[in-house]
Amino acid sequence: MSKQFIVTIARQFGSGGHIIASDLAEKLGVELYDENLISSAIKASKSDTEALREYEEKPRNKWISRTYHNYKTSVSDIVAEREFHFMKGLAENGKSFVVVGRCSENVLAEYPGVITIYITADEEAKISRIMQLYEKTEPDAKKMIIKKDKSREDYHNGHFKNTWGLASNYDMIINSSRLGLEKTSEFLYEYIKLRIGE
């Protein structure tokens with residue numbers, strides 16, 4: 001595919017969004033940027049990746065997040081800014097890629113060829129997936145989903161004014177429970193091809 005495109009995947013915890021994103025990247029023949037984004041972004045700045053990993057995609061703390069003469073005082077803000085800068089650099093260099101989370105639908109909104117997708121799923125499907133993946137009981141899986149989604153929402157809404165998961169912020173919102181992960185990925189692949197004119 002010669003035309004530049006960027007697929008951003010926002011997802012509810014347990015929706016299978018990461019699996020779908022990975023499959024799409026493989027189908028499209030492009031790189032996937034997810035938790036490996038922190039490594040790439042911080043390696044580029046020669047910082048200690050492991051020491052800063054715990055701050056990756058974490059909500060802003062309004063009590064310690066300050067900007068003084070364009071310098072951030074919060075480590076999580078610094079990590080987020082490096083990730084945002086890294087993603088923009090990829091886009092400006094004409095690279096096509098798939099990126100998971102990291103406010104990417106907002107960070108990359110100004111670039112042509114951006115396709116923004118939000119993946120949700122039925123509650124029962126999310127709970128079942130988390131129970132299996134993390135060997136959790138049903139109550140613990142429910143708690144984990146609530147905690148993770150709240151963290152993602154706070155992270156997103158702390159950096160951008162538009163609301164995480166609001167339909168008007170995305171080109172498409174899709175429930176992966178309707179078709180299953182494999183067919184949802186196939187459907188999105190066909191949609192992306194139509195969007196980029198392939």
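Apart from its neighbours within four places in sequence, N175 is in contact (heavy atoms within 4.5 Å) with T120, A121 and D122. The model is predicted, so local features need pLDDT of at least 70 and side-chain atom pairs count only at pLDDT 80 or more, whereas totals for chains, interfaces and linings use all residues. Residues are numbered from 1 along each chain as its sequence is written, and side-chain values use heavy atoms, with hydrogens and water left out.

## Exercise 1

Task: Describe the setting of N175 and its polar contact with the side chain of D122.

Solution. 
- Step 1. N175 lies in strand β7. Strands (E, at least two residues) and helices (H or I, at least four) are DSSP runs numbered from the N terminus.
- Step 2. With a relative accessibility of 18%, N175 is counted as buried. Buried means under 20% relative accessible area, exposed over 50%, and partly exposed in between (1.4 Å probe, protein chains only).
- Step 3. The side chains of N175 and D122 form a polar contact at 3.0 Å. Such a contact is a pair of N or O atoms within 3.5 Å; within protein, one must be able to donate a hydrogen and the other to accept it, and residues adjacent in sequence count only if both atoms are side-chain atoms.
- Step 4. A polar atom of the N175 side chain also lies 2.8 Å from the backbone nitrogen of S177.
- Step 5. G16 is 159 residues away from N175 along the chain, yet their C-alpha atoms are separated by 9.9 Å.

## Exercise 2

Task: Determine the order of the strands in the open sheet and identify those at its edges.

Solution. 
- Step 1. The sheet is open and has five strands with parallel pairing, in the order β2-β5-β1-β6-β7. Two strands pair if DSSP finds at least two bridges between them.
- Step 2. The edges are β2 (31-33) and β7 (172-175); each has a single partner strand, so one side of each lacks a neighbour in the sheet.
- Step 3. From one strand to the next, the twist averages 20°.
- Step 4. Starting from β2, three bridges join this strand to β5, and L32 stands opposite V98 in β5.
- Step 5. Four bridges join β1 to β5, where V100 is the bridge partner of I9.
- Step 6. Six bridges connect β1 with β6; R11 stands opposite I119 in β6.
- Step 7. Strand β6 (residues 114-120) is joined to β7 by four bridges, and I119 faces I174 in β7.

## Exercise 3

Solution. 
- Step 1. In a regular strand, side chains alternate between the two faces of the sheet.

## Exercise 4

Task: Characterise the crossing of helices α6 and α7.

Solution. 
- Step 1. The axes of α6 (residues 123-134) and α7 (residues 138-159) come within 9 Å and cross at roughly 105°. Axes are lines fitted to C-alpha atoms, for helices over the stretch in contact, and angles run from 0 to 180 degrees between N-to-C directions.
- Step 2. The two helices are thus roughly perpendicular, a term that covers 65 to 115 degrees.
- Step 3. E123, K126, I127, I130, M131 and Y134 of α6 meet E138, A141, K142, M144, I145 and D149 of α7.
- Step 4. By class, this contact has seven nonpolar, no polar and five charged residues. Ala, Val, Leu, Ile, Met, Phe, Trp, Tyr, Cys and Pro count as nonpolar, Asp, Glu, Lys and Arg as charged, and the others, Gly among them, as polar.

## Exercise 5

Task: Which is buried and which is exposed, R102 or E135?

Solution. 
- Step 1. R102 is found in the loop between β5 and α5 (104-107), whereas E135 lies in the loop between α6 and α7.
- Step 2. R102 is buried, its relative accessible area being 3%.
- Step 3. E135 is exposed, with 75% relative accessibility.
- Step 4. Most residues other than glycine have a negative phi. R102 has a positive phi of about 55°, and E135 also has a positive phi of about 55°.

Methods: Parallel < 35°, antiparallel > 145°, perpendicular 65-115°, else oblique.
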